[in-house]
Number of protein chains: 2
Amino acid sequence: MSLRPTVDFLLYDWLGVQTLGERARFADHSRETFDAVLDTCERIAREKYAPFNRLVDTQEPHFDGERVILPQATKDAWDAYAASGMLSAAQDADIGGMQLPYTVEAAGNAFFAMASVSIGAGMLTVGNANLLMAHGTPLQREVFALNEFAGRFSGTMCLSEPQAGSSLSDVATRAVPDGEGAEADPLGPRYRLRGNKMWISAGEHELTENIIHLVLAKIPGPDGKLPPGVKGISLFIVPKKLVDTQGQLTGVRNDVALAGLNHKCGWRGTTNTLLNFGEGRFPVQGPGVGAGLDGQGAGAIGYLVGEAGQGLRYMFHMMNEARIGVGMAATMLGMAGYHASLDYARNRPQGRPLGAGGKDPIQPQVRIIEHADVKRMLLAQKAYCEGALAMELYCARLVDEQHTAEPLAADEARLLLEVLT
Amino acid sequence: MSLRPTVDFLLYDWLGVQTLGERARFADHSRETFDAVLDTCERIAREKYAPFNRLVDTQEPHFDGERVILPQATKDAWDAYAASGMLSAAQDADIGGMQLPYTVEAAGNAFFAMASVSIGAGMLTVGNANLLMAHGTPLQREVFALNEFAGRFSGTMCLSEPQAGSSLSDVATRAVPDGEGAEADPLGPRYRLRGNKMWISAGEHELTENIIHLVLAKIPGPDGKLPPGVKGISLFIVPKKLVDTQGQLTGVRNDVALAGLNHKCGWRGTTNTLLNFGEGRFPVQGPGVGAGLDGQGAGAIGYLVGEAGQGLRYMFHMMNEARIGVGMAATMLGMAGYHASLDYARNRPQGRPLGAGGKDPIQPQVRIIEHADVKRMLLAQKAYCEGALAMELYCARLVDEQHTAEPLAADEARLLLEVLT
């Protein structure tokens, strides 16, 4: 039992992704190159993810006071994923990307989600870097985004706070300019941030050389108060470890501290964190930075992305892809359940069919898949999971349409996506 | 927020259980005595169950090679439940019972299931003892059932085997007469059993002085083969520790060995076991028993209940009550979830209502129960849980009707129960 025939059917027989090779952006692609990507994803998922799904569930991340300890398997899985090139699947060839259609990228990622949803792949890192490619300065792209695509750094999205989950207009993280010359920092206008961010996936670990947090925060007005509403929200790049303009670590730890690990139901292998920004746990002082919030280096160094007050709009860039990615994780968890159910139903003998004279206890038991009601339940699972996968790949196809079709068709795809995601 | 007003409404305003006091069997009862029972259950559930629900979830039962270790809280909860008299709530007053209507017993047990479904109360012990009261000999009732009602012994129901879950016609546990004089054992015809029983709740623990297993097994025919089908199933009393005709432990351990603990999703505090009967781990030899299956004492000693071949029929005695009890556990788990949701929704501030001009970020956040869609979800929870509780208490009322109403009404109640359970 393999997922591949289902994926092939959806991609090639239904969505016709092989025809995307006719478009300029995908001119180097064909069914052969798509198949090669799917082969790679399927193989890595089989070798580096599936065998360790149970392990990461039982060996949850834990914090020893300095580091978050994860199983070696999680590191091996991350390294294999990064080495596959999937982190930059959608990027331009001239920065090392594959220029792959998003539909094929999404299909490839389905194999990882099915093998182990809680080891996870690179969705947040890719989303983070994509955002910087769209809204960052050339140097921010080079220093942060490109190192994320290469797997050297990983990324987070820091939106929620303990008192502000769905209500992002209430974020209370403050960002103030970091002293003289802050405006002219080559990495972007430099601020000091202070606040708490909750439910941050991959917020602390040793899988990569550095972690690039994208943080929503508010810049206080002249009265010292934070502007109310979502229009007061700005977006900052807050690296866990400070870097120079070459992207090299300076050796200075930024003032971002792990305050606790959250355990997510069904996602035990995931590192989900509460992060304290700027509480002074790791003071940042010396040349090139200001005195800090307390004059002694407190405050997380953050670089403004784009314009102040536009943070939420930037953060919701590529939200359709993010929604498809999250939906795909849920779908593939269900698909893994369907395949496990199917396997069990094909192997577990129990009971006998009703014949004309009732059940004949002399006969051997049958596999439970032969019972009509078990078959009905399996077909319901199959319909839900394969239907959901089809829906997600259809939406992914609309994303490609939006980006590469003729203007009229592109706009129609965009409108349909707004409804579907 | 308390469950009690809901239970009172269902019992007294809707089901009119106070009128049951007019019937001969319940003549000593009135709303006052029912209230006293409910008060006791509510108090014990609050003091001995609810505070330890999280504890029993994190400190799962474990086997140290000799004993199953449970938290002290589980022992305290069992002792308090046994001391309450609820184990013999339905029994005749002359054997120490309360002669309580089943409807009130079921309502009382709802408090325990809500406080901690996985600490559990005495459902299996009560079911086991009830079965012996209906189908056992006077001595079996006295030695086994009465000690279960008193909480000195606990009981199990051993039906499933690894290869026979729903298909009980395939049970492969064998029972053979235990040598000369086996037929004349005062505790019932004595057999030696051998086989494996799976998913046995409360199958091994130190909560009580002894554990009384009720075991489905087959007696081989003259050809040495087990009779096919459910008609070949017999029922045996297999005590963990052998007892004399006074119900005192003889000091001899029966040949029943724990082979493994199962961890039940959502019921971590429960001790669920795989038991090996008669494999020779605890040989039983000496005066009063036969030589055993291997001539050296292997084989679990079991006493036949009623007639051979009638085991499944006996086991399904009071199946309606068992179904109501299992349904009640699920319902009250849901009810606990509803109460937790309600409490959270009343205390968590998040977001603002939409006014004529949209949301006003200057206003403080509101409690999430004030959002219409959250209220809708809470009402759905309330409707499901309180509706299910009403259905179960209605069925329990039909059980009382079946047992104490005039013949015509009793038979109608029985028929309706067949449909509803």
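## Contacts between chain A and chain B, and within them

Student: How many residue pairs are in polar contact between chain A and chain B?
Tutor: Between chain A and chain B there are 20 residue pairs in polar contact, with both residues at pLDDT 80 or more. A polar contact is a pair of N or O atoms within 3.5 Å; within protein, one must be able to donate a hydrogen and the other to accept it, and residues adjacent in sequence count only if both atoms are side-chain atoms. On the side of chain A that touches chain B, six residues are nonpolar, nine polar and four charged. Here Ala, Val, Leu, Ile, Met, Phe, Trp, Tyr, Cys and Pro count as nonpolar, Asp, Glu, Lys and Arg as charged, and the others, Gly among them, as polar.

Student: What kind of model is this?
Tutor: This is a predicted model, in which local features need pLDDT of at least 70 and side-chain atom pairs count only at pLDDT 80 or more, while totals for chains, interfaces and linings use all residues. Residues are numbered from 1 along each chain as its sequence is written, chains are lettered from A and ligands numbered from 1 in the order in which they are written, and side-chain values use heavy atoms, with hydrogens and water left out.

Student: How many salt bridges cross the interface of chain A and chain B?
Tutor: The rule finds two salt bridges there, a salt bridge being a side-chain nitrogen of Lys or Arg within 4 Å of a carboxyl oxygen of Asp or Glu. Arg352(B) and Asp170(A) meet in a salt bridge through their side chains, at 2.5 Å from N to O. Over all chains, the search finds 48 salt bridges.

Student: And which residue forms a salt bridge with Asp373(A)?
Tutor: Its partner is Arg376(A), with the closest N and O atoms 2.7 Å apart. Asp373(A) and Arg376(A) are separated by about one helical turn because they are three residues apart in helix α10 of chain A. Helices (H or I, at least four residues) and strands (E, at least two) are DSSP runs, numbered from the N terminus.

Student: New topic: where is Gln99(A)?
Tutor: Gln99(A) is in the loop between α4 (72-83) and α5 (102-115) of chain A. Although it is not a glycine, Gln99(A) has a positive phi of about 50°.

Student: Then what is the phi of Trp199(B)?
Tutor: The phi of Trp199(B) is near 65°, a positive value in a residue other than glycine. Trp199(B) lies in strand β5 (residues 190-201) of chain B.
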